[in-house]
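Visitor: I have a new model open in my viewer. Could you walk me through how to read it, feature by feature?

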Amino acid sequence: MKRSVLSAALGLALAAGLATLPAAAVAASAAPAAPAVQGYTPATYAGSAAEAANNRAFFRAVVASVEAKRAANPWLRTVTVTYDTANAPSFADQIAGAARIWNGSVRNVQLQETGGNGDFSYYEGSDSRGSYASTDGHGHGYVFLDYQQNQEYDSLRVTAHETGHVLGLPDDYSGPCSELMSGGGPGPSCTNPYPDGNERSQVDDLWANGLAAANKAAR
């Protein structure tokens with residue numbers, strides 16, 4: 001996806017002590033390639049206006065992907081967002097765990113794995129920017145999970161954090177460990193994979209009235 005890709009190096013946290021991932025895991029070249037936006041430095045999580053814009057673009061891509069569901073069920077209170085994990089086999093447990101966390105935390109949108117093409121996809125590999133959420137600019141988004149970062153920080157936290165971008169949340173690297181979207185800001189000792197009350201409310205508010213409200217909030 002080196003064709004005018006909107007991407008964001010949305011750095012995440014991962015915890016020390018994670019077992020080394022299989023050497024035969026899928027290489028980064030298998031994932032959509034995003035142009036360098038900002039170099040990833042494990043100790044630096046400052047964020048940027050470009051990253052914030054890309055967060056919104058990614059959310060809009062996911063919203064656009066599920067609009068047909070809302071059109072078919074205009075009175076549906078809970079929107080289901082599907083995801084596929086075929087290109088991130090090493091992170092199957094973390095992805096499933098992140099989905100369970102979010103599904104248990106919010107009411108108006110739920111995540112569901114699909115065997116085919118989902119509303120967004122997970123990929124794995126190596127990238128100097130770490131893990132991030134991105135969109136190809138054509139209505140489809142993906143989450144990229146970086147091997148090294150997932151060995152340095154808590155892998156479930158990073159996966160849940162990146163999934164938070166799928167649901168419309170921005171980064172807040174200056175926040176405390178109790179805030180999921182603070183990502184790697186609190187350092188590798190932070191292993192909290194759960195969104196706090198404010199983050200849960202934000203997601204429910206974004207999706208409260210289905211995709212119409214989500215679209216309006218994403219603009």
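Visitor: Let me start with the aromatic rings: which residues do ring pairs link into a cluster?

Guide: Bear in mind that this is a predicted model. In it, Tyr123, Tyr132, Tyr142 and Phe144 are joined into a cluster by ring pairs.

Visitor: How should I describe a single pair of aromatic rings?

Guide: A pair is described by how far apart the ring centres are and by the angle of the planes. Here the count comes to seven aromatic pairs. One of them is formed by Tyr83 and Tyr122, with 5.6 Å centre to centre and 90° between the planes, which is edge-to-face. This pair links distant parts of the chain, with Tyr83 in strand β2 and Tyr122 in strand β4, 39 residues apart.

Visitor: Are Tyr83 and Tyr122 buried or exposed?

Guide: Buried means under 20% relative accessible area. Tyr83, at 5% relative accessibility, is therefore buried, and so is Tyr122, with a relative accessible area of 1%.

Visitor: Let me step back to the whole chain. How many helices and strands does the protein have?

Guide: The protein has seven helices and six strands. Read from the N terminus, the order of elements is β-α-α-β-α-β-β-β-β-α-α-α-α. Of the 219 residues, 53% are buried. If you take contacts between residues at least 6 apart in sequence, 73% of them join residues at least 24 apart. The accessible surface is about 9,100 Å², and carbon and sulfur atoms account for 52% of it.

Visitor: What does the largest nonpolar core contain?

Guide: For a core, look at its members and then at the elements that supply them. The largest nonpolar core here has 29 residues, and those with the most contacts inside it are Val81, Trp102, Leu111, Phe120, Tyr122, Val203 and Trp207. Two or more residues each come from α1 (49-65), β2 (79-87), α3, β3 (109-113), β4 (120-125), β6 (141-146), α5 and α6 (197-206). The most come from α3, which gives four residues.

Visitor: Then let me look at α3. How do I compare its span with what is expected?

Guide: Compare the distance from its first C-alpha to its last with the span expected at 1.5 Å a residue. Helix α3 has 14 residues and reaches 20 Å, close to the 20 Å expected. Its buried residues are Gln94, Ile95, Gly97, Ala98, Ala99, Ile101, Trp102 and Ser105. These buried residues pack against β2, β3, β4, β6, α5 and α6.

Visitor: How many residues of α5 are buried?

Guide: In α5, 11 of the 12 residues are buried, so this helix is largely enclosed by the rest of the structure. Among them are Arg157, His161, Glu162 and His165. Helix α5 covers residues 155-166 and reaches 17 Å from its first C-alpha to its last, close to the 16 Å expected. Just after α5, Gly168 takes a positive phi of about 105°.

Conventions:
Residues are numbered from 1 along each chain as its sequence is written. This is a predicted model: local features need pLDDT of at least 70, side-chain atom pairs count only at pLDDT 80 or more; totals for chains, interfaces and linings use all residues. Side-chain values use heavy atoms; hydrogens and water are left out. The expected span of a helix is 1.5 Å times one less than its number of residues. Buried means under 20% relative accessible area, exposed over 50%, partly exposed in between (1.4 Å probe, protein chains only). Contact means heavy atoms within 4.5 Å. Accessible areas come from the Shrake-Rupley method with a 1.4 Å probe; for residues, only the protein chains shown count as cover. A nonpolar core is a set of buried Ala, Val, Leu, Ile, Met, Phe, Trp, Tyr and Cys residues joined through side-chain atoms within 4.5 Å. Rings of Phe, Tyr and Trp (its six-membered ring) pair if their centres lie within 6.5 Å; planes under 30 degrees apart count as stacked, over 60 as edge-to-face and the rest as tilted.
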